Amino acid sequence: MSALILLHGFTGHPASFQKILAQLPLTTRALCPVLLGHEGAPDAKSSAGSLAAATDFTAEVDRIAAQIRAAHLGPAHLVGYSLGARLALGLLVRHGELFQRATLLSVHPGLQRADERQDRIAADERWATLLSENGLAAFLKQWEQQPLFQTQAQLPQEIRAAQDAVRRRHDSQGLAQALRVLGLGRMPDYWPELARLQLPMQLAVGALDAKFAALADRAKAVLPDAQVVRIAGAGHNLLLEAPEAVCALLTAPPSTAKT
């Protein structure tokens, strides 16, 4: 089994992969970078001046690539969820030689229209302002009410409590920085790049997540070697809602994935 590079989502943490890693062989090699603005990441709890220094999505992609090279893990299996999946696409486009396959969970390849991009930047700025001015607790109360996450309401209380504990370890200014630098509106449009990504890819989505299922179908039509995997009974957050299914994707050959 090739080494795993695991990229968490927004408000997540390497601990988001704990249930999945616990089911993998003890010999599995894995690198779980902490993303910019999250607990433990560069500038996450530094001064306002330092926070303003990181302003480029591709700079974060390159920072992660440098970590992977330093770890000497060889061509690896790249795995990303949501924000992590978007950064994973950047890694495949800019540093594809580091990877032999990829599994992208709930991925968005980027906004294609300028008006969509500006609308998303404005929306993320509102969230960032809420974080900066009202703090983490007020932000999470509203963030978790979004329709995208409503399927999580059916999860056992202990699972939701564990996610809440991960989220509350972050710093509000760090998460605001992540929204301003890594938000969808700041991400390059990777749709034109998909056709040249030759490695095997699995695009996993929750069957209850209609928006991202449609995005996966669109991406599959362009990618040279991709499978769409719909996970029954799950919504957007596959790490939280379907860790066993994600683990199965990571251990099975790409050719066994079902569309």
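Q: Which residues does His-8 touch, leaving aside those up to four places away in sequence?
A: Contacts show what packs around a residue; heavy atoms within 4.5 Å count. In this predicted model, His-8 touches His-13, Pro-14, Ser-16, Phe-17, Pro-33, Val-34, Leu-35, His-38, Tyr-81, Leu-83 and Gly-84.

Q: Where does His-8 lie relative to strand 1 and helix 1?
A: Look for the elements on either side. His-8 is in the loop that runs between strand 1 (4–7) and helix 1 (18–23).

Q: Is His-8 buried or exposed?
A: Check the relative accessible area: under 20% is called buried. His-8 comes out at 0%, so it is buried.

Q: What does the side chain of His-8 reach at 3.1 Å?
A: For a polar contact, look for a pair of N or O atoms within 3.5 Å. Here the side chain of His-8 reaches the backbone nitrogen of Leu-35, and Leu-35 is also among the residues that His-8 touches.

Q: Zooming out, how many helices and strands does the protein chain have?
A: The count is 11 helices and 6 strands. The chain's radius of gyration is 17 Å, close to the 18 Å from the globule rule for 259 residues, so the chain is as compact as a globular protein of that length.

Key:
Residues are numbered from 1 along each chain as its sequence is written. This is a predicted model: local features need pLDDT of at least 70, side-chain atom pairs count only at pLDDT 80 or more; totals for chains, interfaces and linings use all residues. Side-chain values use heavy atoms; hydrogens and water are left out. Helices (H or I, at least four residues) and strands (E, at least two) are DSSP runs, numbered from the N terminus. Buried means under 20% relative accessible area, exposed over 50%, partly exposed in between (1.4 Å probe, protein chains only). A polar contact is a pair of N or O atoms within 3.5 Å; within protein, one must be able to donate a hydrogen and the other to accept it, and residues adjacent in sequence count only if both atoms are side-chain atoms. The radius of gyration is taken over C-alpha atoms; the globule rule is 2.2 Å times the number of residues to the power 0.38.
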